[in-house]
Amino acid sequence: MATDNSDRAQRGIQSIEVGGQLLRALVHHGRPMALKDLAREADMSPAKAHPYLVSFSRLGLIEQDRASGHYLLGPLALQLGLISLQQADPVHLATPLVAALAQLIGHTTAIAVWGDRGATIVRVAESPAALHVSMRHGTVFSLTSTASGRLFAAYLEADEVKRMLEKERRRERSSAQPESHVGMPPAPPLPDWKGFEAQLHAVRKHGMSRSDGEIVPGVSAMSAPVFDHTGAIALAITAIGTTAVFDASWEGPVAQALKRCAGEVSQRLGATRL
C-alpha cells in the first residue's frame with residue numbers, strides 16, 4: 001500500500017520531541033535547574049529525564065554545573081541562539097502576523113521602521129472592510145503628531161529623539177504656513193522637549209502609543225513596539241481606522257491584539273522585554 005508523501009514528511013521522532021521538553025523547560029525557567037525540578041517542569045520522572053540529559057550534554061546542548069549539579073544550556077545551544085538572532089529579519093517575521101492582525105481587528109495595519117527621516121512604513125496590510133483608511137509604503141510619520149512617531153521616540157535614545165524634534169521644529173519655523181489640508185485647521189505647534197517628554201512618559205506607561213485625529217480629523221491609530229534581543233525597539237506595528245469604528249481604548253480589543261502581535265514578534269527575535 002502506498003504511503004502518502006505529505007503524511008510521511010510530517011512524521012517526526014517522538015523521543016526527540018519528548019526530550020525537547022527538557023530544553024523548553026530550561027529556556028522557560030531562565031536559570032540552572034536541579035534534575036528533579038527540570039523533570040517536573042517537563043512532566044516526566046527524574047529517571048526518565050536523566051538519559052536525555054546525558055545525550056544533550058554530549059551534544060553540547062546542555063551542561064551540568066560541577067558545584068551545584070544543576071543543569072543549564074550548553075555552548076551549542078548558545079551558538080544556535082546567536083546564529084538564529086543573526087538570521088532573524090524583524091520585518092520578514094512580522095509581515096505574515098500583521099496581515100493576520102488586519103483580518104482579526106478589521107483595520108488597516110502597517111509595519112514601520114526607524115529611518116533617517118523618522119518612522120517609515122515598509123509593509124501594509126489592508127483592512128478587509130469595504131471602507132477603510134489606507135496607508136502607503138514609504139510614508140514617513142511625524143515624530144510628534146502620530147502614534148508611530150511617538151512610539152519610536154519613547155524607546156529610542158533621548159539624544160536621537162531631541163535631534164529629530166529639533167529638525168521638525170526647524171521645518172515648522174521655515175514654513176510660511178504650517179502644513180494643513182484644504183478645509184482643515186492648521187496643525188498645532190510642536191511641543192518643546194519638556195512637553196514632549198511628558199507625552200513619551202505616557203507612552204512608556206501604557207506600553208504603546210495612540211493618536212486621535214491629530215493629522216486627519218476622524219482618523220485614529222494605535223501603535224505597539226517590537227523589541228529585539230538587545231532590548232532595543234526594532235519596529236512598530238500600527239493599526240489605523242476611522243474614529244467612529246476604531247476602539248482606541250488602552251484595554252480595548254485593538255490594543256490587546258496589537259500587543260499580542262508585537263509580543264509574538266519580539267519573542268521570535270529573542271527579546272526578554274515584552
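Trainee: At what angle do H6 and H10 pack?

Mentor: This is a predicted model, where local features need pLDDT of at least 70, side-chain atom pairs count only at pLDDT 80 or more, and totals for chains, interfaces and linings use all residues. Residues are numbered from 1 along each chain as its sequence is written, and side-chain values use heavy atoms, with hydrogens and water left out. Helices (H or I, at least four residues) and strands (E, at least two) are DSSP runs, numbered from the N terminus. Axes are lines fitted to C-alpha atoms, for helices over the stretch in contact, and angles run from 0 to 180 degrees between N-to-C directions; the axes of H6 and H10 lie 10 Å apart, at about 160 degrees.

Trainee: How are H6 and H10 oriented to each other?

Mentor: Angles under 35 degrees count as roughly parallel, over 145 as roughly antiparallel, 65 to 115 as roughly perpendicular and the rest as oblique. The angle here is about 160 degrees. H6 and H10 are therefore roughly antiparallel.

Trainee: How many residues of the contact of H6 with H10 are charged?

Mentor: Contact means heavy atoms within 4.5 Å. H6 brings residues including Leu97, Val98 and Leu101, and H10 brings Leu258, Arg260 and Glu264 among them. Ala, Val, Leu, Ile, Met, Phe, Trp, Tyr, Cys and Pro count as nonpolar, Asp, Glu, Lys and Arg as charged, and the others, Gly among them, as polar. The contact has 13 nonpolar residues, no polar ones, and of charged ones three.

Trainee: How are H8 and H9 oriented to each other?

Mentor: Ala158, Val161, Lys162 and Leu165 in H8 meet Trp193, Phe196 and Leu200 in H9. The angle is about 125 degrees, with the axes 12 Å apart. H8 and H9 are therefore oblique.

Trainee: Is Leu26 buried or exposed?

Mentor: Leu26 is in helix H2. Leu26 touches residues including Met33, Leu38 and Ile62. Buried means under 20% relative accessible area, exposed over 50%, partly exposed in between (1.4 Å probe, protein chains only). At a relative accessible area of 4%, Leu26 is buried.

Definitions and conventions
Lists of a residue's contacts leave out its neighbours within four places in sequence.
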